[in-house]
Amino acid sequence: MEQNFIFFNKWVLKNVGIDLNNYKEKQMQRRITNIMNSTGAKTVEEYARILEKNRDAYNAFVKHITINVTDFFRNKEIFDIFESCFMEKVVLKFDHIKIWSAACSTGAEPYSLAMILNKNKVRNASILATDIDNNVLTKARQGEYTKAELTNVASTDLTKYFSEIGPDKYVIKNEIKKYVSFEKQDLLGTQYPKNVQVIVCRNVTIYFKLEARDNVYRKFSESLSRGGLLFTGATETINEPSKFNLEKVDTFIYRKI
């Protein structure tokens, strides 16, 4: 079976453009096996043939392996700490603020950041939101969510920043959308933006092998302006931040030195 995954990893790199060798092997193989079984395929070779012919199966595969799990203000207490650090250490220091929401999934994270900007009347900031999956970027641009997806949004913010457009369906208002631009980007492949004051990348690098994860943190540091912040997920800790020219300033928040 190991040889089969070698074949499949090469197939994915060629046909999808994602290098699965950068991900933790056993985790990724379990994910592939689970979704492969749902199609009735018995081998990865057979599964590859299905993906070549069936666009719905292909899109489902990409969505499954890119691990699109997100919430508005995910881990709310940590997000509150980030907001305080952002206002104190970034807003007061930089004339213009570029925020990068990396691996943004369906847009909950960058729109959460945009609400923070709006609430605090931060007018000199913009948000670049990127993801590897075109399908989730399309959903993110639409900005439509169910009530269940908005659990962490305060009722006052729900009224202020969202319009109800149907039974259990809300769309984020244009005054929040205007802060955010969306682009396709692969953290493990394409170039990173430069001169960024804040990078938010949460609960993503835990799926990468150590070498790939360290490379991402190194490139994040290169992207940040000195004094800029990196906000990671509640399951991610950078054990030696100094080797990336970072210092820990609070829980899951690091500053470029």
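## Helix packing and a pocket

H4 supplies four residues to the lining of the second largest pocket, the largest share from any element. This is a predicted model, where local features need pLDDT of at least 70 and side-chain atom pairs count only at pLDDT 80 or more, while totals for chains, interfaces and linings use all residues. Residues are numbered from 1 along each chain as its sequence is written, and side-chain values use heavy atoms, with hydrogens and water left out. Helices here are DSSP runs (H or I, at least four residues), numbered from the N terminus.

**The second largest pocket**

- A pocket is an open set of points on a 1 Å grid over the protein atoms alone, with protein on both sides within 12 Å along at least five of seven lines; lining residues have an atom within 4 Å of a point.
- The second largest pocket holds about 240 Å³ of space, a volume being the space filled by probe spheres set on the points; the probe is 1.4 Å.
- Its lining counts 14 residues, and Tyr58, Val62, Ile132, Asn134 and Lys184 lie nearest the centre.
- Helix H4 (55-65) and helix H7 (134-142) each bring at least two residues to that lining.
- Sorted by class, the lining has five nonpolar, five polar and four charged residues. Nonpolar covers Ala, Val, Leu, Ile, Met, Phe, Trp, Tyr, Cys and Pro, charged covers Asp, Glu, Lys and Arg, and the others, Gly among them, are polar.

**H3 against H4**

- The axes of H3 and H4 come within 5 Å and cross at roughly 115 degrees. Axes are lines fitted to C-alpha atoms over the stretch in contact, and angles run from 0 to 180 degrees between N-to-C directions.
- That angle makes H3 roughly perpendicular to H4 (65 to 115 degrees; under 35 is roughly parallel, over 145 roughly antiparallel and the rest oblique).
- H3 passes H4 in a left-handed crossing, meaning the near helix is turned anticlockwise from the far one by less than a right angle; clockwise would be right-handed.
- Tyr47, Ile50, Leu51 and Lys53 of H3 meet Arg55, Ala57, Tyr58 and Phe61 of H4, where contact means heavy atoms within 4.5 Å.
- That contact has six nonpolar, no polar and two charged residues.

**H2 against H3**

- Helix H2 (residues 25-39) and helix H3 (residues 44-53) have axes that come within 10 Å and cross at roughly 65 degrees, so H2 and H3 are roughly perpendicular to each other.
- H2 passes H3 in a left-handed crossing.
- On the H2 side the contact uses Ile35, Met36 and Thr39, and on the H3 side Val44, Tyr47 and Ile50.

**H5 against H6**

- Helix H5 (residues 76-91) packs on helix H6 (residues 108-119) at about 50 degrees, with the axes 12 Å apart, and H5 and H6 are therefore oblique to each other.
- H5 passes H6 in a right-handed crossing.
- Phe79, Phe82, Glu83 and Phe86 of H5 touch the H6 set of Ser112, Leu113, Ile116, Leu117 and Lys119.

**Asn4**

- Asn4 sits in helix H1 (residues 2-15).
- Leaving out residues up to four places away in sequence, Asn4 touches Val44 and Glu45.
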